[in-house]
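Reader: Could you walk me through this one? I'd like to start with how the chains meet and then look at some individual residues.

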Amino acid sequence: MKNHFATFLFCAALLLSALAFAPAVHAEDVKMVGTISRLTLAADGKSATAVLKDSKSGEDVTITVTDDLTLDKFKDKRIVEGDEIRCKYDKEPGKNSAKIFKKTAGC
Amino acid sequence: MSTRARRLLSGALLLALAMPAAAHADDQALQLKVEDLTRKVNKIEEKSLGRWLEIGGDYRFRYDYLRGETAPFVDANGTFTNAGNKLQAAFFADPTGPVQNGAATGMNAAMLSGLMTFANTMKGTTTYSGAKNFLGAASTQQMLGGLNNYAVMVPAYKPKNDSLYTNRFGLDLHAKATENVTVNVRLVAYKTFGAQDDSAVTNGGGTPFFADRVGVFDGTLGHVPSNSLLDVDRAYATWSNIADQPLWISVGRRPSTNGAPSNLRLNNERPGNGGTPALLVDYAFDGMTVGYAPDIEALPGAYAKVCYGRGFESGFDKPAGNNITDTDMLGIAVIPIDTDPLRVWLQWNRGMNIFDFPVMSNTAFGNTAPSVDLGSIDWYGAGFMSTLKNIGPGSLNFFADGGMSVTHPNDHVSGQAGFEGLMTGEFFQPEAPTDKTGWAAYAGARYDYTPTRTKLGVEYNHGSKNWITFAPAADDIWTSKLGTRGDVYEAYLIQELNLKPISSRLSKAFFRLGYQYYNFDYTGSNDWVGAPVKIADINPSSPTGHGMQMLTPLKNAQDLYFTFEVKF
């Protein structure tokens, strides 16, 4: 058993090391938690804009989402208006591009 | 300019100056009205139920057509009952008899008293060494010889039920209590048509087939048909975004049932951060979790969590005698990626102070309760599932999962199970405690044909001789298929109705038609008490034929099922 457990711990440690050395957050990256107040999918389905109400400041932030995995969740209603989102985005002139856009974790 | 004209001009000028002022006053009033209305709407929105409470649930009708084939065996519990009944009858017919050579021998009373003493001593014997001593005693050997005269031989037969109907109703509540704190509740009633008990799935009146279907207990309540009471299947509070980090803690009656990848055959949503791999755990636990979902772009959806659950609460320590300990489970789950195309899970669990019998009422063994803790079990698991879109006219889902169990028995044996220990020994044949390693594999696929909303799935799982899982709450009638020591094949067809959702975005109605075939290689699937015996080796006519069994050994079983399910 000790061997199995040691192997498991080793794998977990390896994974955590990988996570620890993952690229650091870019200087222009912004993280926020907010509720989707408006979600608009582009007609061609290749992008979407989500207006998030920042849970801290209460301000509206418009985020552009282009990754297919998240767009799929919009399309089949797994992420909808009213959902609380944890988001990391690139702040560019006139546009906030989502790098991470997921429901807040917890169960 | 005449005086008259001058007056007319002055009047017009005054009027022209006054008109914008009036219009401006109107605008201001309108603005106030809009602001007032906005405030009122916001107030109503803040108070509206929909802002903080989601209500959903499901109803399921299920029909099962069940067939099985048993191996012949000697019924251990039946033998004791038979001996007790016959000796009692003899005693009451002739308390001082039988008469030999004109004198009352008092043998009837002595034999009945001897059996009672034997049974009580047996139940009070909780160690391997104690069991060896007890069985080695001359009086015990004499009693065992006598018991043979009352042995209940059960020949091979084919149990069947042409129509088992069940109703299941679940009510789900999701409440946003405060910022970052939610409460989830699921209430479930699961009953058999025409019954308010579990006898339809526990072989009521006969010897049960499997340990997880001896009766309904805390870990299976709401997952095995029992009665129409609405039980709390889940109730837990979660605090998330702790310290503005993707960190959460959650406590309560946990979502530790119906984990991935069972969501495919059950036609449920993916479990998200909740749940545990179905191959290792399917048990309604009271417990808690600490989880962390780091924001790593290269590993979307990644999270890890530490889970703890209590399987049995032993209450206060007793001043003397055998103290039963609490049964606890600790687990670590690492999900390095969780996306549609790929979800990977790694899991380790340890079950500590594993009990011999859970608390159950009115079973074939009477009212049962833990009498001893038998040791601990480690589980290791790794698996993945994937959904590939646009494969032909639909999507392809597939998965593979592997598990390993390693038992660590202590010196304890269960007196109420004939001195069987944690995966060790047979009835009246205790075995020195040794670790046993088992393994299981589980794979399957489902194709979702989008144009007609038809889903076709196949699954296969295999469990080795010493495989033991902790999944008694699985949605299977015969026994949890993932605990089978042998092979299980399943195919199913789901037909969703093309109807517009009304109650929620997840609402749907569908039919499911499926077939399961179990082929059992060893006894004791889903039972950690006692060593597995090869089904083909059971021969009740032979003293070394492993004939005495506590549960009816099944060679194979089939379940043809049909459901109509509505999720709202």
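Predicted model: local features only at pLDDT ≥ 70, side-chain atom pairs only at ≥ 80, totals over all residues.

Reader: Okay, how many residues of chain A and chain B are in contact?

Author: On the side of chain A there are 31 residues, and they are in contact with 39 residues of chain B. The two chains bury about 2900 Å² between them, and 59% of that area lies on carbon and sulfur atoms.

Reader: And which elements of chain A supply the side that touches chain B, polar contacts included?

Author: The rule finds 15 residue pairs in polar contact across the interface of chain A and chain B. On the side of chain A that touches chain B, at least two residues each come from helix H1 (2-20), strand E1 (29-41), helix H2 (68-75), strand E4 (84-92) and strand E5 (95-103) of chain A. The largest share, five residues, is supplied by H1(A).

Reader: How many salt bridges are there between chain A and chain B?

Author: There are nine salt bridges between chain A and chain B. One of the salt bridges in the model joins Lys102(A) to Asp295(B), with the closest N and O atoms 3.1 Å apart.

Reader: Let's stay at the contact with chain A for a moment. Where is Asn273(B), and what does its side chain reach?

Author: Asn273(B) is in the loop between helix H7 (262-266) and E10 of chain B, and its side chain reaches the backbone nitrogen of Gly106(A) at 3.2 Å. Leaving aside neighbours within four places in sequence, Asn273(B) is in contact with Ala105(A), Gly106(A) and Cys107(A) in chain A, and with Trp248(B), Tyr303(B) and Lys305(B) in chain B.

Reader: Why does Asn273(B) count as buried?

Author: Asn273(B) counts as buried because its relative accessibility is 17%, and the cut-off for that class is under 20%.

Reader: Back to H2(A). Which of its residues are buried, and what do they pack against?

Author: The buried residues of H2(A) are Thr70(A), Leu71(A), Asp72(A) and Phe74(A). They pack against E1, strand E2 (48-54), strand E3 (60-65) and E5 of chain A, and also against strand E16 (375-391) of chain B. H2(A) is followed by Lys77(A), which has a positive phi, near 65 degrees.

Reader: Switching to charges: what is the count of salt bridges over all chains?

Author: The count comes to 43 salt bridges over all chains. Within chain A, Lys103(A) forms a salt bridge with Asp83(A), where the closest N and O atoms are 3.6 Å apart. This pair links distant parts of the chain, since Lys103(A) is in strand E5 of chain A and Asp83(A) is in the loop between H2 and E4 of chain A, 20 residues apart.

Reader: Are those two partners buried or exposed?

Author: Lys103(A) is partly exposed, with a relative accessible area of 36%, whereas Asp83(A) counts as buried at 11% relative accessibility.

Reader: And in chain B, which side chains does Lys481(B) meet in a salt bridge?

Author: Lys481(B) meets Glu459(B) at 2.5 Å, N to O. That pair links distant parts of the chain, with Lys481(B) in the loop between strand E19 (454-463) and strand E20 (486-496) of chain B and Glu459(B) in strand E19 of chain B, 22 residues apart. Lys481(B) also meets Glu490(B) in a salt bridge, at 2.7 Å, N to O.

Reader: How buried is that group?

Author: Lys481(B) is buried, with a relative accessible area of 0%, and Glu459(B) is buried as well, at 5%. Glu490(B) is also buried.

Reader: Which residues are linked in a network of salt bridges?

Author: Arg60(B), Arg62(B), Asp64(B), Asp475(B), Arg512(B), Asp559(B) and Glu565(B) are linked in such a network.

Reader: Last topic, the surface. Which residues make the nonpolar patch?

Author: Trp239(B), Ile249(B), Val290(B), Val306(B) and Leu330(B) make a nonpolar surface patch of about 400 Å². Of these, Val290(B) is found in strand E10 (residues 286-292) of chain B and is partly exposed, with a relative accessible area of 43%.

Terms used
Residues numbered from 1 in each chain as written. Chains lettered and ligands numbered in written order. Heavy atoms only, no water. Patch = residues over 30% accessible without salt bridge, like charges linked within 9 Å, V, L, I, M, F, W, Y side chains within 5 Å. Areas by Shrake-Rupley, 256 points an atom, 1.4 Å probe, with all protein chains shown as cover. Salt bridge = Lys/Arg side-chain N within 4 Å of Asp/Glu carboxyl O. Helix = DSSP H or I, 4+ residues; strand = E, 2+ residues; numbered from the N terminus. Buried < 20%, exposed > 50% of the residue type's maximum accessible area, 1.4 Å probe, protein only. Contact = heavy atoms within 4.5 Å. Buried area = accessible area lost by both parts, 1.4 Å probe. Polar contact = N/O pair within 3.5 Å; in protein donor to acceptor, adjacent residues only side chain to side chain.
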